[in-house]
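Here is a short report on one protein chain.

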Amino acid sequence: MPEYLPGNRLTLLCNGEQYFPALAAAIDAAVDEIFLETYIFADDQTGSLIADALARAAVRGVSTRLLIDGFGAKAFPSRFRANLAEAGVRILVFRPQVSPWPPWRQRTRLRRMHRKLASIDGTVAFVGGINIIDDYHTPGHTPPRYDYAVRIEGPLVAAVRAEASRLWSQVSWATLGRRWPGWHALHRGGGRQGPGAPAALPEGQRAALVVRDNLRHRRDIELAYLERIDAAREDIIIACAYFFPGRRFRLALARAARRGVRVNLLLQGKVEYALLHYASRALYGRLLGAGVRIHEYHRSFLHAKVAVFDHDAACVGSSNIDPMSLLLAREANVFIEDRRFASELRRSLQQAMREGARRVPLRTWRRLPVLRRLAIWAGYRLARLLMALYGYGREH
């Protein structure tokens, strides 16, 4: 069970329009240290905004560390790298080997760093699903990308900082030649003697940081979801960009719907990855038959990974409900026990379902054209085959 810490101040941030100015402002206010992790760091206006803020921080003496993923940020521009390095920003790449050869190494290369989090001075943190990329640049889709993050103040910041420090230390150790002076101090708890936990705020909110890795926390995010689904008595809303859950997760949703819980799924309506798009739709029939309501989001590109449970619990993070996130990638989610936060996220999701999504009726689903049924069947079988080839079929 996640460790919920009281006394936090949590601010819900919707889309990059709210997230990037808040992140840049926190970086510009930093006086001691910055950790920033992102899967994608794009060569665009938003990438320049954050890169410039990181460089300014390093120039004024802030210990600034940027961790990017070797696959998601494989196009990280050389000009960013040069300018940041010249300013004094330390940059590490998580698993930079992305070549498909030799094929027997692919299982480890699929283990990506998919987290999007930041810790600034040990006093402010951010966790969510938003990459460093201009969310108004969405070729083939109406902007902006639909996504969320949460700004954190209070005791939970120490947990975010500890996770960022731990992963930085591990990647720094793995890259060997890129180890820098002070690595041992950071590994023990922080370069410059890491800050202590911030004091609890009066009337603060209870929240827990839940991470997924391939060692001690392999199923923590999935189990936290299942715990909340099984405890729900009235209402569940889950918004997920890439939805291909395992049998245990599907059965939990079906059980909740059958005991009278209103279960609403807000899923990607547009085709981004054809295989996953069609494979995930093979799951619709049984979920709809159990009473789960499925809404496909068409207004723009859905990238959210959030949930609301009853009227007093919520989740915001980077983890999709699919094999990549639940079985392979490093992820970070915040689970929140607070009525006001849950209500705010609920209203936002309900608006998205009402104004940007179309509900999938069971009757319509059962009357799909033959060719689309064939594409769904083929996508599902191919996805299952790939999972088995990489050794994850039994676990999922």
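## Burial and overall build

Of the 396 residues of the protein chain, 57% count as buried. Buried means under 20% relative accessible area, exposed means over 50%, and partly exposed lies in between (1.4 Å probe, protein chains only). This is a predicted model: local features need pLDDT of at least 70, side-chain atom pairs count only at pLDDT 80 or more, and totals for chains, interfaces and linings use all residues. Residues are numbered from 1 along each chain as its sequence is written, and side-chain values use heavy atoms, with hydrogens and water left out.

The protein chain holds 14 helices and 15 strands. Both are DSSP runs, numbered from the N terminus: helices (H or I) have at least four residues, strands (E) at least two. The C-alpha atoms fill a box of roughly 65 × 55 × 40 Å along the principal axes. A compact globule of 396 residues would have a radius of gyration near 21 Å, and the protein chain agrees, with 21 Å. That radius is taken over C-alpha atoms, and the globule rule is 2.2 Å times the number of residues to the power 0.38.

Contacts reach along the sequence. Among those between residues at least 6 apart, 80% join residues at least 24 apart. Contact means heavy atoms within 4.5 Å.

## Surface and charge

The accessible surface is about 17500 Å², and carbon and sulfur atoms supply 53% of it. Areas come from the Shrake-Rupley method with a 1.4 Å probe; for residues, only the protein chains shown count as cover. The chain carries 60 positive and 36 negative charges, with mean positions 9 Å apart. Lys and Arg count as positive, Asp and Glu as negative; His and the chain ends are not counted. Each charge is placed at NZ of Lys, CZ of Arg, CG of Asp or CD of Glu.

Leucine 288 lies in helix H10 (residues 284–290). Leucine 288 counts as buried, at 8% relative accessibility. Which residues does leucine 288 contact, leaving aside its neighbours within four places in sequence? They are Ile294, Val360, Pro361, Leu362 and Trp365. Valine 89 is 199 residues from leucine 288 along the chain, and their C-alpha atoms are separated by 50 Å.
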